[in-house]
Amino acid sequence: MANKFLDPILSEFPDLQKQALVDITDDNKFKTLDDYNKEDLINFDNVKRLDLYKLSMLIEKHAQNANEPLIAVFETEHLYKYVEKRYIKILENVPKAWIIGGFDNPFFAPQTPPDKAEILTCAGTNLQDTWIVISRGPNGLFGLVAEDINGVEKGDHFRGFYTTRSNVIEKVIQEINKSMMTNIDFDNIQ
């Protein structure tokens, strides 16, 4: 497998690594998406899957309520299957979603309306160990970008960031497009 997914992003934005680590598990500080959005960058390391789940759901809820597009990257088929029923409902309330996962078996790939979602497999790419959820808010693109430190087969410890910096999220989407040889574009939704 190629370089880690975060490497070119951290290389282009070295201040992402220099930012102090934040405890995203602090429920007193981070109850709502607005609490996360008060910071333009939240850097974290060695957090568990469960710690990212709440933030992911807040981003997904925003996408639905604001009728905005959504990108969601799942490491494996079974991780998508865990939330599939919820995602079918999400697709009813967003104009477009890109669901990317390690779908090795085509029978496990989500069955969604083609006008609402593009289903892409990241099996064998540097996206396979990532957890990414991106949407758009009133001030531009924002999202959660995390990478399993040990790889999906061995670990459950993530490093990454949450940011409202559109230029950083644009770079993330550019890297997704490069890895997947696709063209995710929030501005040209058909």
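Colleague: Let's start with asparagine 93. Where is its place in the chain?

Modeller: You will find asparagine 93 in the loop between helix H5 (77–91) and E3. Bear in mind that this is a predicted model.

Colleague: Why does asparagine 93 count as partly exposed?

Modeller: Its relative accessibility is 37%. Buried would need a value under 20%, and exposed one over 50%. Asparagine 93 therefore counts as partly exposed, at 37%.

Colleague: Which residues is asparagine 93 in contact with, leaving aside its neighbours within four places in sequence?

Modeller: Those are Ala63, Gln64 and Asn67. As for lysine 116, 23 residues apart from asparagine 93 along the chain, the two C-alpha atoms are separated by 9.4 Å.

Colleague: Now serine 56, please. What makes serine 56 count as buried?

Modeller: The cut-off for buried is under 20% relative accessible area. Serine 56 has 3% relative accessibility, so it counts as buried. This serine 56 is found in helix H4, and beyond its neighbours within four places in sequence it is in contact with Trp131, Val133 and Leu144.

Colleague: What makes E2 and strand E3 a pair?

Modeller: Here there are five bridges between E2 and strand E3 (residues 97–101), and the sense is parallel. At least two bridges are required, so these strands count as paired too. In E3, isoleucine 100 is the bridge partner of valine 73.

Colleague: Why is strand E2 called mostly covered?

Modeller: Five of the five residues in strand E2 (residues 70–74) are buried. Leu70, Ala72 and Phe74 lie on one side, with Ile71 and Val73 on the other, and both faces are covered.

Colleague: Which residues have the most contacts inside the largest nonpolar core?

Modeller: They are Leu52, Ile59, Leu70, Leu144 and Tyr162, in a core of 30 residues. Helix H4 (residues 49–66) gives the largest share of this core, five residues. Another core, of 27 residues, lies apart from it, with Phe5, Ile71, Phe161 and Met180 among them.

Colleague: What does tyrosine 162 touch, not counting residues up to four places away in sequence?

Modeller: The list includes Leu33, Tyr36, Asn37, Leu55, Ile59, Phe142 and Leu144.

Colleague: Let's turn to the second largest pocket. Which residues line the second largest pocket?

Modeller: Its lining is made of Leu33, Asp34, Asn37, His62, Gly137, Pro138, Asn139, Gly140, Leu141, Phe142 and Thr164. Helix H3 (33–37) and strand E6 (140–148) are the elements that give two or more residues to it. The volume of this pocket is about 160 Å³.

Colleague: How many residues of each class are in that lining?

Modeller: The lining of the second largest pocket has four nonpolar, six polar and one charged residues.

Colleague: To finish, how many helices and strands does the protein have?

Modeller: There are six helices and seven strands. Of the 190 residues in the protein, 52% are buried.

Key
Residues are numbered from 1 along each chain as its sequence is written. This is a predicted model: local features need pLDDT of at least 70, side-chain atom pairs count only at pLDDT 80 or more; totals for chains, interfaces and linings use all residues. Side-chain values use heavy atoms; hydrogens and water are left out. On a 1 Å grid over the protein atoms alone, a cavity is a set of points where a 1.4 Å probe fits but cannot get out, and a pocket is an open set with protein on both sides within 12 Å along at least five of seven lines; lining residues have an atom within 4 Å of a point. Grid points are joined across faces, edges and corners, and a volume is the space filled by probe spheres set on the points. Helices (H or I, at least four residues) and strands (E, at least two) are DSSP runs, numbered from the N terminus. Ala, Val, Leu, Ile, Met, Phe, Trp, Tyr, Cys and Pro count as nonpolar, Asp, Glu, Lys and Arg as charged, and the others, Gly among them, as polar. Buried means under 20% relative accessible area, exposed over 50%, partly exposed in between (1.4 Å probe, protein chains only). A nonpolar core is a set of buried Ala, Val, Leu, Ile, Met, Phe, Trp, Tyr and Cys residues joined through side-chain atoms within 4.5 Å. Contact means heavy atoms within 4.5 Å.
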